[in-house]
Amino acid sequence: MSTTVLAVIGNPRPGSRTHRIARTVAAELRRALDLPATDLDEVDLAPFGPRVLDYEDTQVAHEVERVLAADVLVVASPTYKATYAGLLKAFLDRVGTGALTGSAVPVLLGGAPNHTLALDAHFTPLLAELGAATPTRGLFVLESELDGFEQTAAVWADRWARWLAPQAAALPAS
């Protein structure tokens with residue numbers, strides 16, 4: 001059985017910068033974990049918009065199932081009002097408490113460094129409540145740091161990938 005890396009993009013705008021950084025982090029984790037490209041996938045919430053609130057929507061339910069089945073989640077959002085996007089929260093509200101069984105990396109994109117705390121104060125606890133292991137620090141990416149982010153993501157993945165692999169999920173955070 002191979003490891004699956006799934007990026008969850010919580011930006012309500014299609015083709016966003018948040019989408020770019022989520023895909024970059026997921027791809028670098030895949031590379032650092034030496035996984036085939038076929039083990040990299042994404043759930044982009046932008047096309048669903050308000051449909052995430054419709055619990056009868058079978059396509060959104062399918063996306064929730066994919067999140068539940070993933071080994072490693074890269075969960076990315078723009079920073080709104082010093083926390084994550086409401087679209088992402090509405091989607092994650094469909095995941096039961098303790099239902100996630102893999103690892104997760106919270107990733108926030110923000111315009112100012114004073115929102116960095118949102119990562120540890122709001123986003124990581126949400127993923128932990130849902131059951132995800134969060135053995136690494138998340139990533140807060142300033143909009144001013146987008147140029148060259150690929151290198152930042154590569155260095156980050158090389159340092160932390162081993163802690164995110166399924167066999168490492170039970171290890172204590174460092």
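How many positive and negative side chains does the chain have, and how far apart do the centres of the two sets lie? Please then look closely at Ser144: in which loop does Ser144 lie?

Reply: This is a predicted model, in which local features need pLDDT of at least 70 and side-chain atom pairs count only at pLDDT 80 or more, whereas totals for chains, interfaces and linings use all residues. Residues are numbered from 1 along each chain as its sequence is written, and side-chain values use heavy atoms, with hydrogens and water left out.

The chain carries 14 positive and 20 negative side chains, with 5 Å between the centres of the two sets. Here Lys and Arg count as positive and Asp and Glu as negative, while His and the chain ends are not counted; each charge is placed at NZ of Lys, CZ of Arg, CG of Asp or CD of Glu.

Helices (H or I, at least four residues) and strands (E, at least two) are DSSP runs, numbered from the N terminus. Ser144 lies in the loop between β5 (139-142) and α5 (149-164). Ser144 counts as exposed because its relative accessibility is 67%; exposed means over 50% relative accessible area, buried under 20%, and partly exposed in between (1.4 Å probe, protein chains only). By comparison, buried residues make up 53% of the 174 residues in the chain. Ser144 and Gly110 are 34 residues apart in sequence, and their C-alpha atoms are 9.0 Å apart in space.
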